[in-house]
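These are my notebook entries on a structure I examined. I kept them brief and in order of topic.

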Amino acid sequence: MRGKFNFRDGFTYRMPVHFRGWPFSRDTRVVYSDVLMMQTEQSTDMEALAQYVPSEFEILRPSVVWGYANCRGVDFMANGEYRIFQASVPVRYIGGEREIEGVYPLVIWEDDTVPILGGREEDGMPKVFCDISSDRHFEKHWFASASLYCETMARFDFYEVCEADAETLKAAQDSPFVNNFGYRYIPLVESGGAATCGPILYPQEVHPRKIWNGDASVDIVVPKDWYKIPQMYSTLKCLGGLPNLGFTNGVRMEGSLRLCVADSKSL
């Protein structure tokens, strides 16, 4: 008997496609109702950083924005949770008719495959799996780490100094939008090259309820032996090889996130 599965017009699918599809909607928003975020900015060398940013983007300043997020109340996971550890570059998209400022993630580590599948091939975000600890703290020292195969890859440390004043908090609340840029690459099956390749706009919103300022830093651990983390060795070597010219703008935030999935588009 010939198979009876067929794609439906106006539906979107995710592998394995034959089990489920759903109507595409331009109104889709994903809400994370309870999120703890930590962030800091690492100054580095422009020439070294430019090796990892596609030519469609202009680097606004030579820095890597490191972020950690413990995401709870994730609506598409039935109010489940997962964690994120990522490195991004502040950029301006200059590859089209309209210039757009935002951030270009170099890597997004996540500890659950559900959000990885939703944001990787569909929206071009550079998501890969690893284990990420919950944030912990002792007095005013907050910390978290990312690892794979019991090998630590990255550590985030935040030392709280003071809570942000009302004016700073309101300014952040009044400007929630963040343009994230992915770069979707789907390889050809029968040869080298891409079946599809290009930049993606993936808008998001950050809604802080509280903000604390402090001193923060990220430590990248490059394994001595590449075979201990073969899938991540080149990523860690490249990130760890960027000149570290100091960390600034350390913050910890509590609030919520909205992913504007329906506003994603190819650029």
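**Entry 1: basis.** I worked from a predicted model, in which local features need pLDDT of at least 70 and side-chain atom pairs count only at pLDDT 80 or more, while totals for chains, interfaces and linings use all residues. I numbered residues from 1 along each chain as its sequence is written, and side-chain values use heavy atoms, with hydrogens and water left out.

**Entry 2: Ser63 and Glu41.** I placed Ser63 in strand β5 (residues 63-74) and Glu41 in strand β3. Helices (H or I, at least four residues) and strands (E, at least two) are DSSP runs, numbered from the N terminus. Ser63 is buried, at a relative accessible area of 2%, and Glu41 is buried at 10%. Here buried means under 20% relative accessible area, exposed over 50% and partly exposed in between (1.4 Å probe, protein chains only).

I then looked up side-chain partners. The Ser63 side chain makes a polar contact with that of Glu41 at 2.7 Å, and the Glu41 side chain makes a polar contact with that of Asn249 at 3.5 Å. A polar contact is a pair of N or O atoms within 3.5 Å; within protein, one must be able to donate a hydrogen and the other to accept it, and residues adjacent in sequence count only if both atoms are side-chain atoms. Leaving aside neighbours within four places in sequence, the contacts of Ser63 (heavy atoms within 4.5 Å) include Leu49, Ser88, Val89 and Pro90. On the same terms, those of Glu41 include Arg61, Val65, Phe247 and Thr248.

Entry 3: I recorded about 1100 Å³ of space in the largest pocket. Of its 42 lining residues, Gln39, Val65, Val103, Val178 and Val206 are the closest to its centre. A pocket is an open set of points on a 1 Å grid over the protein atoms alone, where a 1.4 Å probe fits, with protein on both sides within 12 Å along at least five of seven lines; lining residues have an atom within 4 Å of a point. Grid points are joined across faces, edges and corners, and a volume is the space filled by probe spheres set on the points. β14 gives the most to this lining, with six residues. The lining has 26 nonpolar, eleven polar and five charged residues. Ala, Val, Leu, Ile, Met, Phe, Trp, Tyr, Cys and Pro count as nonpolar, Asp, Glu, Lys and Arg as charged, and the others, Gly among them, as polar.

The second largest pocket holds about 840 Å³. Arg14, Trp22, Gly118, Glu122 and Val261 are the closest to its centre among 32 lining residues. α2 supplies the most, five residues, and the lining divides into 16 nonpolar, seven polar and nine charged.

**Entry 4: cysteines.** I found zero disulfides (pairs of cysteine sulfur atoms within 2.5 Å) in the structure. The sulfur of Cys197 is 18 Å from the closest cysteine sulfur, in Cys238, and therefore too far for a bond. Cys197 is partly exposed at 44%, and Cys162 is partly exposed at 38%.

**Entry 5: backbone.** Most residues other than glycine have a negative phi, and most peptide bonds are trans. I noted a cis peptide bond between Met15 and Pro16, with omega about 0°; Pro16 lies in the loop between β1 and β2. Tyr149 has a positive phi of about 55°, and Cys150 has one near 65°. Tyr149 is partly exposed at 47%, whereas Cys150 is exposed at 81%.
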